[in-house]
Amino acid sequence: MAVENYTVKNVDSFIITGFDHLQNQKLLGFLILITYMLILLGNGINLCIISTDRHLHKPMYILICNLAVVDIMFSSTCSTTMISVLLAEIKTVSYYSCISRMFFYHLGDFTECMALTLMAIDRLIAIRLPLRYHSIVTNSRTFLFIFLTWLITITLMGVLTYVVDNVPYCQPVIRYVFCDYPSMIRAACVNPEPYFFLPAMINLWWYCGQFPFIMCTYAVLAYSVTKLSNNASKRQMINTCLSHLIVLFSYYAPKMVHALLTRIGVVLTLTERNAILIVASLIPPLVNPTVYCTRTKEIRKRLADVLLRIKVEPNNLKVLS
């Protein structure tokens, strides 16, 4: 049945149709499943290592833990829907399940942006004010700022969820690959343009506020690193900043590409929009734990110790037997 033929005012569920035109749905489903499992594994390892090692109970590692929690929530809300549609062929999502997934998806998206800002500020203070760092950036203050970022984003998401929950729906069809704010608004019996004003303001704050601010902090960091006389300290600072920049660009690059293409008048097909959406939703949570596991010396050393212990203990048991 064509989408235009639906005349439903109140829906109990939505049908996800974003993958209907694809031929290799199973293959894509397995790729998303593997990616999601790697995301859970990588972020789970970071959380376990940091939470169980008292030496890592420091502000920077608390921020990494916060980012890992955000990544798991962010990826889970979209991945589970896509895996269900592609592999289990369950395309129907109940109304309240869809709206709750939308809430947690955007909550994770916005909170990740705030988490990256906090991490940039942390590195700026560490390099510019090294002698005062431990008195300025304490664990309690770090937890306080993390709590405030979550409070701000939960409030914003509450507003968007209220808007979505109070519009009439003409069609129980989601043309995208999972439930998010744009897809739900476009399924409603309303002119969508006015409903994108608040998300546009949030995106404007991202691109014209937080992103330039973060880039300025790293420009200051780069300048500060060039002034260091100790080569070992210089290499350590460069390695730390490079890790953060990789994480930063993995998050912002897909969003910036989408925004740039839209602004210069490139008309994206639904398939292209869905592809960008999938990349923007899965690549950052996959890159983040990989970067911090491989480029953060303390986490890498702790992970190596754990793996070495696992390898040695079975050998000891074999000798004893």
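Reader: Which residues does UniProt list for "transmembrane region"?
Author: This is a predicted model, where local features need pLDDT of at least 70, side-chain atom pairs count only at pLDDT 80 or more, and totals for chains, interfaces and linings use all residues. Residues are numbered from 1 along each chain as its sequence is written, and side-chain values use heavy atoms, without hydrogens and water. UniProt positions follow this numbering, with shortened feature names, and annotations may be inferred rather than shown by experiment. The unreviewed entry lists residues 27-49, 61-83, 103-121, 142-164, 204-225, 237-254 and 274-293.

Reader: How far apart are the end C-alpha atoms of residues 142-164?
Author: This span is 100% helix and 0% strand, where helices are DSSP runs of H or I with at least four residues, strands are runs of E with at least two, and both are numbered from the N terminus. Its end C-alpha atoms are apart by 33 Å.

Reader: Are helix 2 and helix 3 roughly parallel or antiparallel?
Author: Helix 2 (residues 59-86) packs with helix 3 (residues 95-128) at about 155°; axes are lines fitted to C-alpha atoms, for helices over the stretch in contact, and angles between N-to-C directions run from 0 to 180 degrees. Angles under 35 degrees count as roughly parallel, over 145 as roughly antiparallel, 65 to 115 as roughly perpendicular and the rest as oblique. The two helices are therefore roughly antiparallel.

Reader: Which residue in strand 3 stands opposite I16?
Author: Strand 1 (residues 13-16) and strand 3 run parallel, joined by two bridges, and strands pair if DSSP finds at least two bridges between them. Opposite I16 stands I174.
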